Amino acid sequence: AQSVTQLGSHVSVSEGALVLLRCNYSSSVPPYLFWYVQYPNQGLQLLLKYTSAATLVKGINGFEAEFKKSETSFHLTKPSAHMSDAAEYFCAVSSNYGGATNKLIFGTGTLLAVQP
Amino acid sequence: SQTIHQWPATLVQPVGSPLSLECTVEGTSNPNLYWYRQAAGRGLQLLFYSVGIGQISSEVPQNLSASRPQDRQFILSSKKLLLSDSGFYLCAGQGNLAGELFFGEGSRLTVL
C-alpha cells in the first residue's frame, strides 16, 4: 500500500523567509507525487507534480519540490515566503500504477502561517 | 480547462435526514471521479471513486453511497445522516491516468 507522511502539522515562518514543508512517501512502484494548496473553505489547487521526468519540479507561485528516491522524500520549498502563502498544503502519492485508476492518497496536511 | 461544479456549498441537516450532494464536470469526457471527505487535522479520506457510468467503488464502509448516472455527473447520498457524517466534502476529477486531480469548491455539511 502507498502512503504519505507530512512532518509537522503546523509550520510558521516570517515573511521573506524560506518555506520548507516536508513530505515522505512509501510506494512499492515508481510513484507519482503531488503538492496541493488549500485556502479556507475552498477546494484544493495543484501546485506541482512529479511524474518521473525531472527530479526538480517547479510549480506555481514560486514553489518547487525535489524528488529524492534514496530518501523517499518530496519536500516543498519556496525561497521567500509571502503573506498570501498562508494556507494548508497537502502532499499526495498516486496508487494503482498502471491500473484503471490512479487514486491519490493524501497526507494529513501542513498548515503554513506567515508572520509579518 | 477542466472544471468541477459542486453544490450545495453549505448544508445544515438534522440527524436522520437524507443527503444529496452533486457535482458535474466540464472540459473533459470519461473522467475518473472521486468523492473525498475532509475532517480537521485528518487530511482527505477517499470515500468513492468511479471510472465510468454506473461504476462505483467504495473505499470505506459507511453510511453514504454514490452514483454516477451520467458521464459527467457524480452524486453522493445518504438515506439517514449521522452526526459523524459532518465534514467538508470534495468532488474531484481526473482526466488521464497519469494526471492530477482537479477539485470542486467543496460542500460543508453540518449534521445537528
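The side chains of A:Asp85 and A:Lys78 meet in a salt bridge, with an N to O distance of 2.8 Å; the term denotes a side-chain nitrogen of Lys or Arg within 4 Å of a carboxyl oxygen of Asp or Glu. Both A:Asp85 and A:Lys78 are buried, where buried means under 20% relative accessible area, exposed over 50% and partly exposed in between (1.4 Å probe, protein chains only). The model is predicted: local features need pLDDT of at least 70 and side-chain atom pairs count only at pLDDT 80 or more, while totals for chains, interfaces and linings use all residues. Residues are numbered from 1 along each chain as its sequence is written, chains are lettered from A and ligands numbered from 1 in the order in which they are written, and side-chain values use heavy atoms, without hydrogens and water.

Over all chains the count comes to six salt bridges. Two salt bridges are found across the interface of chain B and chain A. B:Glu59 forms a salt bridge with A:Lys103, with the closest N and O atoms 3.2 Å apart. B:Glu59 is partly exposed, at a relative accessible area of 32%, whereas A:Lys103 counts as buried at 12% relative accessibility. The side chains of B:Glu100 and A:Lys49 also meet in a salt bridge (2.8 Å, N to O). B:Glu100 is partly exposed, with a relative accessible area of 24%, and A:Lys49 is partly exposed at 32%.

At the interface, 24 residues of chain B are in contact with 22 residues of chain A, contact being heavy atoms within 4.5 Å. The area buried between the two chains is about 1800 Å², and carbon and sulfur atoms give 53% of this area. Buried area is the accessible area (1.4 Å probe) that two parts lose on being put together, summed over both.

Rings of Phe, Tyr and Trp (its six-membered ring) pair if their centres lie within 6.5 Å; planes under 30 degrees apart count as stacked, over 60 as edge-to-face and the rest as tilted. The ring centres of A:Phe106 and B:Phe103 are 6.1 Å apart and the planes stand at 70°, so the pair is edge-to-face. Both A:Phe106 and B:Phe103 are buried. One aromatic cluster is formed by A:Phe34, A:Tyr36, A:Phe106, B:Tyr34, B:Tyr36, B:Tyr49 and B:Phe103.

In chain B, four strands form an open sheet with antiparallel pairing, in the order β1-β3-β8-β7. Strands are DSSP runs (E, at least two residues), numbered from the N terminus, and two strands pair if DSSP finds at least two bridges between them.
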